Amino acid sequence: MSSRPRKITQQVLIGDIKVGGGAPIVVQSMTNTDTADVSSTVNQVMELSRAGSEIVRITVNTEEAAKAVAEIRNQLDQKGFTVPLVGDFHFNGHKLLEKYPDCAQALDKYRINPGNVGRGKSRDPQFQQMIEFACQYNKPVRIGVNGGSLDQAVLTRLLDENREKPEPLPLSAITREAIILSALESAAKAEEIGLGRDKIILSCKISNVQELINIYQDLSDRCDYSLHLGLTEAGMGSKGIVSSAAALSVLMQQGIGDTIRISLTPEPGTARTQEVVVAQEILQTMGFRSFTPMVISCPGCGRTTSDYFQRLAMDIQSYLRISMPTWKKKYPGVEEMEVAVMGCVVNGPGESKSANIGISLPGTGETPVAPVYEDGEKTVTLKGDHIAEEFQAIVERYIESHYGTSN
């Protein structure tokens, strides 16, 4: 099934990154360090950037964090990392931007949650103040509505109106409409204050997959702002990955979405960069963008009682991903390459022939040889105790000969 054409939204420039307007879907991430800890935050931003995050969001919640932002930007620039930084503001952003102009200038975008910008009479003035700072410093803004912190004034208004209807709508429908209206009305206010449409990105995040799909479909039909996609509080491990992939893939298949973030709960001891890898793999497996050579490998069965092919597939995949920061410039187009690591004779030769380069390892009871195929042709048969090392060397030679800039 082919995807629908991307909806052409208003393009927004975040640093040097184009979002919307038909530009490729952008991968975002967010740090989980204390922003006031400059060294830790700089290191994590660099890790996320190396992994492929094209925009990184940082928390700006205290005066100490706001004070640190300019130095974080300075150190990143000195180390050659130009990745745009987004300031995540809740409750006190208007005060922090006013008191720390270096912070306001150093950030490439502000993120505002209409439900947390202020309460009651203070809400509109504080929202206005945030937008005025964005205008003053020429910064784009993501107006990010979250189901867990929905603007209660909007929800209350819609509930009151719903009670007057002859056939009131269910609460779920009213909540969906409140989320969408909160984003659209806030964007309209931002434009009235003076922020251009080319400075506004919208998001409407909740944690329910089907509801998220419905909300973004409706939101996309009702505006042409650039849209940031994400399933908020996606969860941990496979649950978070599957939920995010299910929701975002449906929307992107329908041409909806200009930038994405995968909001995984990190498992203890795992790298924050996992959310970047998942975002890239969703985009690549859906055919929207290519980031790193893809490894095709079989799941294994009773024919593959040894884990040799599993370890080789894992090692090759890690090697390819780790090498990509260097290869991006040295081997243009290598991210389109496919490598097959197969475990037995059933599908091994066929899948290996279909990939750019592939190896068909021997299954249980098969002759202990491993034919290697390059562009559909068998080029060598490996045997012995050093098949993994020899195959990696063959992969390296293939990349040099097919993607090297001198070719």
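What share of the contacts in the protein with a separation of 6 or more comes from residues 24 or more positions apart? In this predicted model, such residues account for 66% of those contacts. The protein has 407 residues, of which 50% count as buried. Its secondary structure comes to 13 helices and 17 strands. The C-alpha trace spans about 80 × 55 × 40 Å along its principal axes.

Helix 5 covers residues 123-137, and helix 7 covers residues 171-193. Their axes come within 10 Å and cross at roughly 60 degrees. Helix 5 is therefore oblique to helix 7. The crossing is right-handed. From helix 5, the contact involves Arg123, Asp124, Phe127, Gln128, Ile131 and Glu132. Helix 7 contributes Ser186, Lys189, Ala190 and Ile193.

Strands 3 and 4 form a parallel pair. Strand 3 spans residues 26-30, and strand 4 spans residues 55-59. Three bridges join the two strands. In one of the pairings, Ser29 has Val56 of strand 4 as its bridge partner. Four of its five residues are buried, so strand 4 is largely enclosed by the rest of the structure.

Notes: Residues numbered from 1 in each chain as written. Predicted model: local features only at pLDDT ≥ 70, side-chain atom pairs only at ≥ 80, totals over all residues. Heavy atoms only, no water. Axes fitted to C-alpha atoms, helices over the stretch in contact; angles between N-to-C directions. Parallel < 35°, antiparallel > 145°, perpendicular 65-115°, else oblique. Left-handed = near helix turned anticlockwise from the far one by under 90°. Contact = heavy atoms within 4.5 Å. Buried < 20%, exposed > 50% of the residue type's maximum accessible area, 1.4 Å probe, protein only. Pairing = 2+ DSSP bridges.
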